[in-house]
Amino acid sequence: MDEQFLTQLGQTLSAIVQPDSAGLKEATKTLQSQFYTQPNTVPALIHILQNSNDDALKQLAGVEARKLVPKYWKSLDDSIKQQMKSSLLQTAFSEPKEIIRHSNARVIAAIGTEELEANQWPDLVPNLIQAASGDDSQTRQTSIFILLSLLEAYTPSLTAFIDDFLTLFGQTINDTTSLETRSLSAQALNHVSGLIEEQEAINPQHAAKFASLIPSVVNILDVVIKAEDTNNAKLIFNCLNDFLLLDSQLTGNTIVDLIKLAIQIAVNSEVDEDIRVFSIQFIISALSYRKSKVSQGKLGPEITVAALKVASEEVDVDEELNNEDEAGENEENTPSLTAIRLLAFASSELPPSQVASVIIEHLPTMLQSSNPFERRAILLAVSVAVTGSPDYILSQFDKIIPATIAGLKDSEPVVKLAALKCVHQLTTDLQDEVAKFHEDYLPLIIDIIDTAKHVVIYNYATMALDGLLEFIAYEAIAKYLEPLMNKLFYMLESNNSSKLRCAVVSAIGSAAFAAGSAFVPYFKNSVQYLEQFIQNCSQIEGMSEDDIELRAITFENISTMARAVRSEAFSEFAEPLVNSAYEAIKTDSARLRESGYAFIANLAKVYGENFAPFLETILPEIFKTLELDEYQFNFDGDAEDLAAFAESANEEDLQSKFTVNTGISYEKEVAAAALSELALGTKQHFLPYVEQSLKVLSEQVEESYGLRETALSTMWNIVKAVLLASKIAPESYPKGIPTGSYVDASVLAVIQNAREISINNLNDEFETSMVITVMEDFANMIKQFGSIIIMDNGDSTMLETLCVQVVSVIKGTHTCQTIDIEEDVPKDEELDASETEATLLDVALEVLVSLSHALSADFVKIFESIKPVLFALFESKSKNKRSSAVGATSEIVLGMKEANPYIQEMMEALIIRLTTDKSLEVRGNAAYGVGLLCQYAPFDVSAIFEPVLKAMYQLLSAADQKSLTAEDDEATREILDRAFANACGCVSRMILKNQALIPLEQTIPALLAHLPLNTGYEEYEPIFQVIMKLYQDNNATITAQTPKVVEFLAAVFTKDNERIKLEQESTLGREENMERLKQFQTEEMRQKVVELLKYINSNFNGIVAQNQVLAPVIA
């Protein structure tokens, strides 16, 4: 060996291991350019590993040798290879220091991997197995470490030794002389499982033998926990986490036992905190990878109770109340914090019956506990459960709202903080529903702001205030507005902290959002207060993250105010602020760019087509942002360093340098939202940019990490903008399958582009969120613009594909539903779905509903094949599935109308649900369908009148929620109101069908007693028709009820006037579902009702003219 080369290499390596070495970068360059380019560096490094007197140098030489072996081993002389192999094996066993032995072992494994791939060194593995079976404890440990290192590298030739490995590690895993040997054996076994799975077919004997050794791995865990050996505990938990991913043949029945063991460890406060965190993280992994096992084993409640117990442990109060770094809190791992994360994850993965309902069961007891940490824990549990189970949490508001109010009044600051976090999260997920309780919340929250002694409480109180203000009803905000705005301006003046000012600025924006045009008197003053935060927008040097956040949030909230006060009031500020937003978009700050896009999106809402002049400058920036790479390669060094690194790095080294920049992902999401608003707002002015927009977005659908769903929805918004620009009004399309095309060729090309990309991202898509997005987009667009969205010129290929995918979702066999299914877990129909799974089914059914409305009579052929699958859901043990299927079937009846050849069959199926189902929601949905079938039936339906009427009376008598059956204690007010609307509509359609079969004397008073409706206003159509017909017939029953009829119609016009006022005065875009609030489905029906009122006024002593609401209607 060249002594000079060896000396120079040793000296260069020494410069690396010296911590204060100024020549570190130079030494690294020298290694990469002069030494690591030569094969003879490998034996030189191994010489240093074996002969140096410096342990740090030995270790570094071992690491570098291991990296270079794959690159240069084949080019070395056989004699040198043989010499190195022999000497390494000798020093691996004779070296006294473990860390150096391990370096030797890893180099042996690297060489072994190369040799075994070339069918060389055949005695390596047998000799190591023999040594590992010997009497000497250190020899056993070193042999197993080398075998583990070989197994980690994975070489296919090792599969020949699977049986030998299982036998060996089955013995050494129980080694009584060395805990380290036992731990290494468990880790090695973990890698043997990979060899077993890599076989073309899993060998049942190997699988059974492996499964039988899992209890031994668990025994080691018990030993390391008792020894408080955190490092080995982590390594064993890593093995158990990997076991979750194995084929069920290898794990047998152990998964449930492993989860139960992890629960026991988690709740044991005597165990080391880090180990308890590992156990909770293992449960989270089990929920992620073996959800069906957890759900099937009904482990959800046990996990929830355990997590609540751990979350109730004492925390560092000072740290909690003074820690402003929320990001740091999210990264911190304590048992209590990790338990809260477990509850959050479990509530999104498991059905509410297994998590959210358990939390609510514990709410009264824990909230009344004398232990403040229990009170804190239950409020935090509710706050994290709402995101995963919003519908269930909403149904429990009668318990949750009083609990949060009690928390806000609690004398302990940590409980008060938890209550504020809970209110904040509830407003985030349930918005208007929480804001209904503003009278209870606002005084308490403002008092907390006034008396707060801790900055974190002040901040969260302001955030809770912000959330409430944003969603307070338009008519309710007025009485608070003046004192609130004075309060918020004072809070801005009295705080110098950018972080706290952010929360205040957001609250001002929320007040504007809620107030709409009522905010105009406060608008100028607000801008004057806020413009200081956005001066010199492009200059961000020296600004802290909080300063930048304040600038960004100010932009966003001023644009929210623009939506509130609308274009005229905002006009004097528009141009300079748009220019500032453009400056923000051009900065290097992702957060500022994001806020600039949010500003643009809001202004596009306000100015619509008048915003077109800004497209030319803003769209190139949006495209630039959308094309940003979310994947980062993290490497410190120049191009030369990078080239040298790439030359020597293996795949693992390269992967370690890649991360996803979620900040860029979010910025792109906001930019895509701005693109949507610009397209929809500027319509025909946007047409020159359609092609480039679709090109950029289609790339994001295929390649993006976090933007796929948003990019696809944005594509469809651009399609909608193109359709609107070509003067195609929503829901005015020709019904049926199009033999040609009812749009221009250029418009059709845009539709076809989005259609193809959507279908391609549906077939084998395993992300549930993406499947939901695709189906939601199709359902919405088909409903608005008809069958051209899914087919044209008689080609039904894409329509057929869509229907096949819809059926697979309904059956539960779509890729996204089966990717986590375990073969050994039988499907249990009694298990509720998580709310995400329920949403997936709902959007699939909504596609069918939209198709039925678009295709009308042509939907019959599709329905023929889908009917058995749909009707099978009627018998599901899951109430939610029955309700969704019955509701969708009823909507399909409305779509097909008289062209439906299955009226008799559908009638029978729906009547069974109407008369026998325990769920009020299912019966209500069935009532809607039965009424429509009566309306459209071309044959005599008199035979069904008696049983259906009886069912209707029973349905209407459930007015008191307390009378609901046990199964329906989750029914929300919305479900009750919908059931009443459907029942009233059904009875009215039956009267219109055959009045003689209805006992009007009992029916009309019962009907009027449940009016006005609170939802489902489309059911007013048959109700109005019945009332008009009975007055036309001068029917005594209706004339006797005239005062009640007038009162009812006054309520209808009151609500319609409120809707019109909302359209005119509320914040633009706030009331997105204004159509839903329409009391009259057509202007024609409104006129008929007005004529009826005139008739009643003339014939009943001017009763209508005496009504304040109705007098102007008939004037």
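How much of the chain over residues 400-438 is helix, and how much is strand? The answer is 87% helix and 0% strand. The end C-alpha atoms of this stretch are 14 Å apart. UniProt lists residues 400-438 as "repeat: HEAT", in an unreviewed entry. Keep in mind throughout that this is a predicted model.

Now step back to the whole chain. Its secondary structure comes to 55 helices and 2 strands. The radius of gyration is 35 Å, close to the 32 Å that the globule rule gives for 1115 residues, so the chain is as compact as a globular protein of that length. Along the principal axes, the C-alpha atoms fill a box of roughly 120 × 70 × 70 Å. Of the 1115 residues, 54% count as buried.

Next, the domains. The assignment gives domain 1 (1-121), domain 2 (351-472), domain 3 (475-588) and domain 4 (592-727). How far apart are the C-alpha centres of domain 1 and domain 2? They lie 60 Å apart.

Go now to the start of the chain. Phe5 lies in helix α1, which spans residues 3-17. Is Phe5 buried or exposed? Its relative accessible area is 11%; residues under 20% count as buried, so Phe5 is buried. Compare its position with that of Ala476. Phe5 and Ala476 are 471 residues apart in sequence. In space, 84 Å separates them, C-alpha to C-alpha.

Rolling a probe the size of a water molecule over the atoms shows where empty space is left. A search of the whole structure finds 2 cavities of 30 Å³ or more. The second largest cavity holds about 30 Å³ of space. Which residues line the second largest cavity? They are Arg101, His102, Gln141 and Thr142. Two elements, α6 (98-117) and α8 (137-153), each give two or more residues to this lining. By class, the lining has no nonpolar residues, 3 polar and 1 charged. The charged one is Arg101, because Arg counts as charged, while His102, Gln141 and Thr142 count as polar.

Notes: Residues numbered from 1 in each chain as written. Predicted model: local features only at pLDDT ≥ 70, side-chain atom pairs only at ≥ 80, totals over all residues. Heavy atoms only, no water. 1 Å grid on protein atoms, 1.4 Å probe; cavity = no way out; pocket = protein on both sides within 12 Å on 5 of 7 lines; lining within 4 Å. Points joined across faces, edges and corners; volume = space filled by probe spheres on them. Helix = DSSP H or I, 4+ residues; strand = E, 2+ residues; numbered from the N terminus. Domains from an automatic or database assignment. UniProt positions renumbered as here; feature names shortened; annotations may be inferred. Rg over C-alpha atoms; globule rule 2.2 N^0.38 Å. Buried < 20%, exposed > 50% of the residue type's maximum accessible area, 1.4 Å probe, protein only.
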